[in-house]
Amino acid sequence: MSNAENFNDLGLDPRLSPILDHQGITEPTEIQALAIPTAMAGHDLIASSKTGSGKTLAYLLPTMQRLMRKKALNKRDPRVLILAPTRELAKQVYAQLRSLVSGTTYKAALVLGGENFNDQAKALAKDPHVVVATPGRLVNHLDERSLFLEGLELLILDEADRMLDLGFAAELTRINQTASHRLRQTLMFSATLEHAAVNSMAVKLLKAPKRIAIGAAN
Ligand code: ADP
Ligand code: MG
């Protein structure tokens, strides 16, 4: 059960609460109350909870907190990479991220398959702090050296089960190997943790992860 009454109780930067209030978001959901402090403490995490339970903010708020409160580990941006299985989902995540970064100096970029590659390369050349991407196009940018992940501090996989069901295991492995900073933190979200491919990817990507499963037997 959540014992956090509001987002300030989770230790979030106070600049974030008016933005959330403005969106009618006052009380963390259960997954947020558990995942946000775990992520902010620097742990790797594998978490599941049902659709509509607020997983996006469970990782976007720790993303914002890292940008606002922690010095970059490395001069090379991006600091945070968020991967989503489909264009539609990546767009939704990006829209929610934009609502959090607007009014700050932090920059975000969206990298999707099926859109103009050179326009994305130009956006990436402006050194966004956070990139939201689908895995295939992200790897194309690594191949073309329009994106570097050596400075990446936080890697987030949203809907990891769907990404693996869609056949992105090789891309995720490549991204994991490229984002090789020794202090990199990784957060994995999935509709279920009862998924063999998710668990074997978790073994590759995560270091001593905390497990959070809401509404499941595990
Ligand atoms: P999930 O990824 O778990 O399916 P989402 O992150 O897409 O869920 O969130 C579902 C909806 O709930 C979104 O419209 C989001 O704005 C809203 N939401 C998220 N967190 C809260 C909260 N703490 N209070 C109220 N609404 C919230
Ligand atoms: Mg989601």
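The protein has nine helices and seven strands; helices (H or I, at least four residues) and strands (E, at least two) are DSSP runs, numbered from the N terminus. The radius of gyration is 16 Å, close to the 17 Å that the globule rule gives for 218 residues, so the protein is as compact as a globular protein of that length. Here the radius of gyration is taken over C-alpha atoms, and the globule rule is 2.2 Å times the number of residues to the power 0.38. Along the principal axes, the C-alpha atoms fill a box of roughly 45 × 40 × 30 Å.

The model is predicted: local features need pLDDT of at least 70, side-chain atom pairs count only at pLDDT 80 or more, and totals for chains, interfaces and linings use all residues. Residues are numbered from 1 along each chain as its sequence is written, while chains are lettered from A and ligands numbered from 1 in the order in which they are written.

Of the 218 residues, 41% are buried. A residue is buried if 20 or more other C-beta atoms, placed from the backbone, lie within 10 Å of its own. Among contacts between residues at least 6 apart in sequence, 73% join residues at least 24 apart; a contact requires C-beta atoms, placed from the backbone, within 7 Å.

The seven strands form an open sheet with parallel pairing, in the order S3-S4-S2-S5-S6-S1-S7. Two strands pair if DSSP finds at least two bridges between them. Strands S3 (108-111) and S7 (210-213) stand at the edges with a single partner strand each, so one side of each is left without a neighbour in the sheet. The twist averages 10 degrees from one strand to the next, with axes fitted to C-alpha atoms and angles from 0 to 180 degrees between N-to-C directions.

Strand S1 (residues 45-48) is joined to S7 by four parallel bridges. In this pairing, Leu-45 stands opposite Lys-210. S1 also pairs with strand S6 (residues 185-190), again parallel, over four bridges. There Ala-47 has Phe-189 as its bridge partner. Both faces of S1 are covered. Leu-45 and Ala-47 are buried on one side, Ile-46 and Ser-48 on the other.

Ligand 1 is surrounded by residues including Ile-25, Glu-27, Gln-32, Thr-51, Gly-52 and Lys-55. A residue counts as near a molecule if its C-beta atom, placed from the backbone, lies within 6 Å of it. Helix H3 (residues 55-69) gives the largest share of this shell, three residues. By class, the shell has three nonpolar, seven polar and two charged residues. Ala, Val, Leu, Ile, Met, Phe, Trp, Tyr, Cys and Pro count as nonpolar, Asp, Glu, Lys and Arg as charged, and the others, Gly among them, as polar.

Notes:
Buried ≥ 20, exposed ≤ 12 C-beta atoms within 10 Å, placed from the backbone. Contact = placed C-beta atoms within 7 Å.
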